[in-house]
Amino acid sequence: MIPASDVEIKVTERLKELSATIKLPGFRPGKVPMSLVRKRYGANVMGEVLERAVNETSTQVLTDHALRPAQQPKIEVTKFDEGGDLEYTIALEVLPAIELTDFSKISLERLIAKPDEAELQKSLDRMAEAYKTAEPIKGARKSKTGDVVVIDFVGKVDGVEFPGGKAEDYSLELGSGSFIPGFEEQLIGVKAGDDIEVKVSFPKEYGAEDLAGKDAVFDVKVKELRETAPAQIDDELAKKAGMDTLDDLKKAINEEHERGFKDVSRQKLKRALLDALAVTYDFELPQSLVDGELESIEKQFEESKKAGHEEDDGKSDDERKAEFEEIAERRVRLGLVLAEVGRTNEIKVSQEDLNKAMFQEAKRYPGQEQAVIDYFRQNPDAMQQLSSPIFEDKVIDFILEMAKVTDKVVDVETLLAPEDEDVSPKASAKKAAAKKAPAKKAAAKKPAAAKKPAAKKTSAKAKDESAGKAE
């Protein structure tokens, strides 16, 4: 309760402040009668004073009782008449008291793998394939999978040409799957000089709505056949990759492997630590936080499902919801634990940390770096989404310094083996921020017969290595 006398004092003080600056016809600045000031501005000032008084007193109540709200408290004015006392109620869920354990008692294994010749050779083979050559075929043999056919084509739907359905001297690798289903298969067994009628149906989910699900006929002229072969693994290949020699290329590949292996090792160690913390702590969770996390998971799942990125696992809605509730509780619990570790040990995210993350994100958008930086600087929510994973990693590193971590050397296959899956679509704060950042430049235009690129499918069982909201 705020006494009426306190309210009146604050209103009077505020009106005096206004009277010194307001201008009204017939009065010099600062000479407007208080009665007139109150008559004209009293209602607005009263609202301003009441809002400020409620905020100040409610904050003081939380401080006096050492209450830490899980979310913004809900305040409801229950009684107020002009000239009377102000009464209001505060409804809130408080964060649980968490007694931190001795982290030195946690034992973990860090998997370590070094690049080997087999991994190096796989990378070189992939690079040789990426720079493969396509030489004209001598003789009159028929085309086969792996060949490149150089073609002219014109596509028609209901006898009418459509935009993007025509090309000349187009090089198409048979078996690449780059054109719509059925197109490449009908060009297997042809010879240079052949005229072929290719009949296909555009997929129902095809990107161009005016073509989706429709039958089309392509008149194709086969102009040349080319046979593909991987590039030679030598200094010339290295130069194509931006290196001077093959030895330089091998060194660069090994260094890239080492960085990648360290990242995988770090993620698996982090996951093991989060699993250990999840079984160590068991306390009642604020339902509002769980509900918010569950809503976020379900929303992401539905969006992914609409985009065709979720495979049908045969689970009922109730089963899936139960799984999502479990992962939501895990995220909230781990988030609260990490937040408490950070709070009690004064772990902070510095401006330097944020700048580094912001510039790293900007590098992902060549030519638009400044636009990305401006976006983050002008959007506090986006900046917070950058801050959260940084804070989480700092807390994780703090705990790992105290935990007993034993390095275990394993082969590459063991290090890269997938872990048991969690039942959650991963909600990355960094990705959420990137979604709203300026888009990358569009790729070169492709013929309408080419497949529209689809996003990689991700099951609802995507790994959940994030602890969730940890600040």
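Over which ring does the charged end of Arg333 sit? I found the charged end of Arg333 over the ring of Phe283, 5.5 Å from its centre. The rule I used asks for NZ of Lys or CZ of Arg within 6 Å of the ring centre and within 35 degrees of the ring normal.

**Ground rules**

I am working with a predicted model, where local features need pLDDT of at least 70 and side-chain atom pairs count only at pLDDT 80 or more, while totals for chains, interfaces and linings use all residues. Residues are numbered from 1 along each chain as its sequence is written, and side-chain values use heavy atoms, with hydrogens and water left out.

**Salt bridges**

I searched the whole structure for salt bridges and got 29. The term means a side-chain nitrogen of Lys or Arg within 4 Å of a carboxyl oxygen of Asp or Glu.

I looked up Arg141 and found it bridged to Asp147, with 2.8 Å between the closest N and O atoms. I then checked exposure (buried is under 20% relative accessible area, exposed is over 50%, partly exposed is in between; 1.4 Å probe, protein chains only). Asp147 is buried at 2%, whereas Arg141 is partly exposed at 27%.

Next I took two pairs within helices; helices here are DSSP runs (H or I, at least four residues), strands likewise (E, at least two), numbered from the N terminus. Glu256 and Arg259 form a salt bridge at 2.6 Å, N to O. Both lie in helix α5 (residues 246–280), 3 residues apart, about one turn of the helix. Glu256 is partly exposed at 46% relative accessibility, and Arg259 is partly exposed at 46%.

Lys239 and Glu236 form a salt bridge with their closest N and O atoms 3.8 Å apart. I placed both in helix α4 (residues 235–240), 3 residues apart.

I also noted a network of salt bridges that links Arg266, Lys270, Glu392, Asp393 and Asp397.

**Aromatic rings**

I counted 12 aromatic pairs. Rings of Phe, Tyr and Trp (its six-membered ring) pair if their centres lie within 6.5 Å; planes under 30 degrees apart are stacked, over 60 edge-to-face, and the rest tilted.

The planes of Phe162 and Phe218 stand at 90°, with ring centres 6.0 Å apart, so I logged the pair as edge-to-face. Phe162 is in strand β6 (residues 160–173) and Phe218 in strand β8 (residues 215–229), 56 residues apart in the chain. I found both Phe162 and Phe218 buried.

Tyr170 and Phe179 make a tilted pair, with centres 5.3 Å apart and planes at 40°. Tyr170 is partly exposed at 22%, but Phe179 is buried at 2%.
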